[in-house]
There are 2 protein chains.
Amino acid sequence: MASTSTPQPRGPEPERSEVALGRLGDFVGFRLRRVQNQLSRKFAAANADLGLRSGLFSSLAIVAANPGISQSELSGAVGLDKSVTVTIIDELEKYGWAERRRSAEDRRRHALYVTPEGDRQLDRLFARMEEVEGAVLHQLSDAEHQMLNDVLDRMYDAVVREL
Amino acid sequence: MASTSTPQPRGPEPERSEVALGRLGDFVGFRLRRVQNQLSRKFAAANADLGLRSGLFSSLAIVAANPGISQSELSGAVGLDKSVTVTIIDELEKYGWAERRRSAEDRRRHALYVTPEGDRQLDRLFARMEEVEGAVLHQLSDAEHQMLNDVLDRMYDAVVREL
DNA sequence: AAACGATAGTTGACTTTGTCCACTAATCTC
DNA sequence: GAGATTAGTGGACAAAGTCAACTATCGTTT
């Protein structure tokens with residue numbers, strides 16, 4: 001991947017203006033989206049040099065945490081379609097960060113594993129992510145941070161359970 | 001940090017395939033994305049009958065809260081490109097929910113206004129959004145809800161300020 | 001063991017969404 | 001008035017997700 005030009009994720013700059021939010025400000029979903037948009041924008045900018053496809057990082061992280069996971073399970077965990085997962089694993093293999101191994105018990109399955117090089121890359125990515133989040137989390141006390149994680153987990157459980 | 005990452009020795013026991021998050025669980029951005037994805041999915045499903053384009057709802061809400069706002073200002077507020085805003089306003093006008101009026105002072109600008117019908121539609125949409133969020137927020141105490149909003153606002157201010 | 005349906009992975013067509021660039025009309029500056 | 005700037009528009013393009021079909025394996029039924 002030496003010759004291709006790196007795609008630069010740039011977008012409209014976050015505007016600090018005096019626009020009223022109105023009733024929109026009463027909803028958590030709006031605040032959530034706002035923060036999350038900016039965070040992912042920052043993370044993409046920090047990793048623009050690598051030209052990472054979105055979803056690649058989390059997929060790699062999930063595989064690392066679940067050695068031998070199948071592509072279907074990975075799809076479910078990351079929330080992507082199976083077909084998208086295929087192309088992500090393709091890229092991961094191309095980079096040499098992960099590999100497919102046919103499962104011995106069920107030869108339909110591809111058991112996924114992270115390579116040592118993939119582990120190193122993951123370390124780098126996690127470090128960058130920590131850096132990006134650090135500036136934001138610095139605003140929060142430890143208790144608030146903990147509360148936030150806890151609340152978000154409960155919200156996630158609630159919203160997932162009712163589907 | 002919350003209680004999520006649990007190293008699982010995945011044995012050949014497919015009781016309930018719980019996927020480990022690993023280090024990913026240490027990041028707020030991940031949790032944020034997770035919850036927000038599910039929430040917006042639910043909201044889209046609740047409004048599938050209307051075939052709403054994404055961003056249309058928030059645009060309408062912003063116009064309602066800022067009568068006479070220009071398209072550029074709206075773009076900045078919602079975080080979309082100007083060209084995208086154009087097509088959104090096109091749709092809003094087609095539905096009869098909003099309208100462009102040429103500004104008298106600056107004839108380049110389109111001052112945007114929500115129609116009475118648009119206001120009624122907005123009421124319906126806000127009601128649905130409340131319904132969608134209600135199931136999730138029900139998990140939270142009032143104090144937690146308040147703290148969540150406060151924390152998210154501070155995070156947003158922090159991430160916006162450093163650009 | 002042959003046949004059936006179900007599952008894992010793959011591929012390709014299609015839609016949606018966002019980004020970028022060029023063009024116009026109007027405004028502002030000098 | 002000339003030239004630069006801004007608001008809005010249109011179109012080309014790329015990234016990303018959805019969907020349906022297809023192959024190969026597996027499990028179960030008969």
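Arg108(A) and Asp106(A) are joined by a salt bridge whose closest N and O atoms are 2.9 Å apart, a salt bridge being a side-chain nitrogen of Lys or Arg within 4 Å of a carboxyl oxygen of Asp or Glu. Arg108(A) is exposed at a relative accessible area of 69%, whereas Asp106(A) is partly exposed at 22%; buried means under 20% relative accessible area, exposed over 50%, and partly exposed in between (1.4 Å probe, protein chains only). This is a predicted model, in which local features need pLDDT of at least 70 and side-chain atom pairs count only at pLDDT 80 or more, while totals for chains, interfaces and linings use all residues. Residues are numbered from 1 along each chain as its sequence is written, chains are lettered from A and ligands numbered from 1 in the order in which they are written, and side-chain values use heavy atoms, with hydrogens and water left out.

**Salt bridges within the chains**

- Over all chains, the count by this rule comes to 28 salt bridges.
- One of them links Arg109(A) to Glu73(A), with the closest N and O atoms 3.4 Å apart; because Arg109(A) lies in the loop between β1 (98–102) and β2 (110–114) of chain A and Glu73(A) in helix α3 (residues 71–78) of chain A, the pair ties together parts that are 36 residues apart in sequence. Helices (H or I, at least four residues) and strands (E, at least two) are DSSP runs, numbered from the N terminus.
- Both partners are partly exposed, Arg109(A) with a relative accessible area of 31% and Glu73(A) at 23% relative accessibility.
- In chain B, the side chains of Glu117(B) and Arg120(B) meet in a salt bridge of 2.9 Å, N to O, and the two residues, three apart in helix α5 (residues 116–137), are separated by about one helical turn.
- Glu117(B) counts as partly exposed at 29% relative accessibility, and Arg120(B) is partly exposed with a relative accessible area of 45%.

**The interface of chain A and chain B**

- Contact, meaning heavy atoms within 4.5 Å, involves 63 residues of chain A and 65 residues of chain B.
- The area buried between the two chains is about 6,600 Å², of which carbon and sulfur atoms give 67%; buried area is the accessible area (1.4 Å probe) that two parts lose on being put together, summed over both.
- Arg23(A), Phe27(A) and Tyr156(A) supply 9% of the area that chain A buries against chain B, more than any other three residues.
- Eight salt bridges are found by the rule across this interface, and Asp153(B) forms a salt bridge with Arg31(A), the closest N and O atoms being 2.7 Å apart.
- The elements that give two or more residues to the side of chain A that touches chain B are α1 (28–46), α2 (56–65), α5 (116–137) and α6 (142–161) of chain A, and the largest share, 16 residues, comes from α6(A).

**Relation of the two copies**

- Chain A can be laid on chain B with an RMSD of 0.2 Å by a turn of 180 degrees and a shift of 0.0 Å along the axis, the superposition being by least squares on the C-alpha atoms of residues with pLDDT of at least 70 in both copies.
- The two copies are thus related as by a two-fold rotation axis.
- The same surface serves both copies, since 89% of the contact residues of chain A recur in chain B.

- Helix α2(B) is mostly covered, with eight of its ten residues buried, among them Leu56(B), Phe57(B) and Ile62(B).
- In helix α3 (residues 71–78) of chain B, the buried residues are Gln71(B), Leu74(B), Ser75(B), Gly76(B) and Val78(B), and their cover includes α2 (56–65), α4 (82–95), β1 (98–102) and β2 (110–114) of chain B.
- Just after α3(B), Gly79(B) takes a positive phi of about 85 degrees.
- Glu91(B), which lies in helix α4 of chain B, is buried with a relative accessible area of 17% and touches Arg53(B) and Leu56(B), not counting residues up to four places away in sequence.
- Arg101(B), found in strand β1 of chain B, is partly exposed with a relative accessible area of 40%; leaving aside neighbours within four places in sequence, Arg101(B) is in contact with Arg109(B), His110(B), Ala111(B) and Tyr113(B).
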